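Student: I am new to this one. Could you walk me through it?
Tutor: Gladly! Let us look together.

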Amino acid sequence: MAGTGNSVDTFATDLEKSAFIITMPSGAPWGISGGNILVGFGILVFFYESIRGVAASPYAIVHHTISVLLSLGAMGAFVLFENFSTSTFFLLMLMCVLDMIAGVIANIAQSGGWHND
């Protein structure tokens, strides 16, 4: 069903089209697409969340709840809506899930749930 939705094709094409091109010192062109920019931004947010997630906070349960809801929403959108069924969105969804898992693991480690005997 990939070719049936005109808006899906347009969205996916625009996402993968080069937004700008950088000429490398070797002379090779490096085309950076909108999807690459979106994933790069997602990686930066994921890095910030990973750093912030290891700090003890009285709002940790709220943070974990939001992470779970965001991950479930991203998974649902990826599976249910055609516009979100792209490799770019899959990578963003994967970052949401990894952020959720990392937060839970960091919380367990901080609370003394794991003992290194």
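Student: What volume does the largest pocket have?
Tutor: This is a predicted model, where local features need pLDDT of at least 70, side-chain atom pairs count only at pLDDT 80 or more, and totals for chains, interfaces and linings use all residues. Residues are numbered from 1 along each chain as its sequence is written, and side-chain values use heavy atoms, without hydrogens and water. On a 1 Å grid over the protein atoms alone, a pocket is an open set of points where a 1.4 Å probe fits, with protein on both sides within 12 Å along at least five of seven lines. Filling the points with probe spheres gives the largest pocket a volume of about 280 Å³.

Student: Which helix gives the most to the lining of the largest pocket?
Tutor: Lining residues have an atom within 4 Å of a point, and the closest of the 15 to the centre include Val45 and Cys96. H2 (34-53), H3 and H4 (87-110), helices being DSSP runs (H or I) of at least four residues, each supply at least two lining residues. With six residues, the most comes from H2.

Student: Within what arc do the buried residues of H3 fall?
Tutor: Buried means under 20% relative accessible area and exposed over 50%, with a 1.4 Å probe and protein chains only. Among the buried residues of H3 are His63, Ser67 and Ala74, while Ile61 and Leu69 are among the exposed ones on the face turned away. Taking directions from the helix axis to the C-beta atoms, the buried residues line one face of H3, so they fall within an arc of 160°.
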